[in-house]
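Trainee: I would like to learn how to read the features of a structure one by one. Could you take me through them with care?

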Amino acid sequence: MEKEAFIPLVVKWAQSHGFKEIQANMEGYETPKSYERAADNTRFTPDVTGVSMFNRHYLEVCVKTDEMRGYISKWKLLSELANMKGAKLYLMAPRGHVRFAREAVDQYNIPAEVVKID
């Protein structure tokens, strides 16, 4: 399942929950700022970002996959950035992926809020 298909749902959720200055990694929106890991020059671009209560929050689509390593690195980076700025990382899980998201957060000790989207 392609996570890009769920980005419009995440944008809709962010708008309905009062986020402003929404940036999304999809056509029609400004692309969020990318972050690069110095060790191996890997670039991480958040799926969606939005400002709420003067802080920029990160919203990531979380779907079941066998390739977890890259996602875990990205989520840890984004959660650290959010924490430094007094913001949050939201893992947006479509129906059928919520348990997977919660288990990943628990297993890898990632400070993130798992939100179910439809």
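Trainee: Which side chain does Arg43 meet in a salt bridge?

Mentor: This is a predicted model, and a salt bridge is read here from the distance between a side-chain nitrogen of Lys or Arg and a carboxyl oxygen of Asp or Glu. Arg43 meets the side chain of Glu36, with 2.8 Å from N to O. Arg43 counts as exposed because its relative accessibility is 53%, while Glu36, at 45%, counts as partly exposed.

Trainee: How many salt bridges does the structure hold?

Mentor: There are 10 salt bridges, and another of them joins the side chains of Asp118 and Arg95, at 3.2 Å from N to O. Asp118 lies in the segment after strand 7 (113–117) and Arg95 in the loop between strand 6 and helix 3 (98–108), so this pair ties together parts that are 23 residues apart in sequence. Both partners, Asp118 and Arg95, are exposed.

Trainee: Where do the two partners of the salt bridge between Asp47 and Lys3 lie in the chain?

Mentor: The closest N and O atoms of Asp47 and Lys3 are 3.0 Å apart, and the pair links distant parts of the chain, with Asp47 in the loop between strand 3 (42–44) and strand 4 (48–52), and Lys3 in the segment before helix 1, 44 residues away.

Trainee: Are Asp47 and Lys3 buried or exposed?

Mentor: To decide, one compares the relative accessible area with a cut-off, since buried means under 20%. Asp47 has a relative accessible area of 3% and is therefore buried, and Lys3, with 7% relative accessibility, counts as buried too.

Trainee: Which residues are joined with Lys3 and Asp47 into one network of salt bridges?

Mentor: Through salt bridges that share partners, Glu60 and Lys74 are joined with Lys3 and Asp47 into one network.

Trainee: How many cavities does a search of the whole structure find, and which residues line the largest cavity?

Mentor: The search finds 1 cavity of 30 Å³ or more, and the volume of the largest cavity is about 30 Å³.

Trainee: Where is Val61 found, and what is its bridge partner?

Mentor: Val61 is found in strand 5, and its bridge partner in strand 6 is Met92. That bridge belongs to a pairing in which strand 5 (residues 55–61) and strand 6 run parallel and are joined by 4 bridges. Val61 counts as buried because its relative accessibility is 2%.

Trainee: Why is strand 6 described as largely enclosed by the rest of the structure?

Mentor: The reading follows from a count of buried residues: 6 of the 6 residues of strand 6 are buried, so this strand is largely enclosed by the rest of the structure. Leu89, Leu91 and Ala93 point one way from strand 6, whereas Tyr90, Met92 and Pro94 point the other way, and all are buried.

Trainee: How many aromatic pairs are there, and why is the pair of Trp13 and Tyr90 tilted?

Mentor: The structure holds 5 aromatic pairs. The ring centres of Trp13 and Tyr90 are 5.6 Å apart and their planes stand at 55°, so this pair is tilted. Here the pair links distant parts of the chain, as Trp13 belongs to helix 1 (residues 7–16) and Tyr90 to strand 6 (residues 89–94), 77 residues apart.

Trainee: Which residues other than glycine have a positive phi?

Mentor: Among them are Glu21, with phi near 50°, and Phe54, with phi near 70°. Glu21 is found in strand 1 (residues 20–24), and at a relative accessible area of 56% Glu21 is exposed. Phe54 has its place in the loop between strand 4 and strand 5, and Phe54 counts as exposed, with 81% relative accessibility.

Notes. Residues are numbered from 1 along each chain as its sequence is written. This is a predicted model: local features need pLDDT of at least 70, side-chain atom pairs count only at pLDDT 80 or more; totals for chains, interfaces and linings use all residues. Side-chain values use heavy atoms; hydrogens and water are left out. On a 1 Å grid over the protein atoms alone, a cavity is a set of points where a 1.4 Å probe fits but cannot get out, and a pocket is an open set with protein on both sides within 12 Å along at least five of seven lines; lining residues have an atom within 4 Å of a point. Grid points are joined across faces, edges and corners, and a volume is the space filled by probe spheres set on the points. Rings of Phe, Tyr and Trp (its six-membered ring) pair if their centres lie within 6.5 Å; planes under 30 degrees apart count as stacked, over 60 as edge-to-face and the rest as tilted. Helices (H or I, at least four residues) and strands (E, at least two) are DSSP runs, numbered from the N terminus. A salt bridge is a side-chain nitrogen of Lys or Arg within 4 Å of a carboxyl oxygen of Asp or Glu. Buried means under 20% relative accessible area, exposed over 50%, partly exposed in between (1.4 Å probe, protein chains only). Two strands pair if DSSP finds at least two bridges between them.
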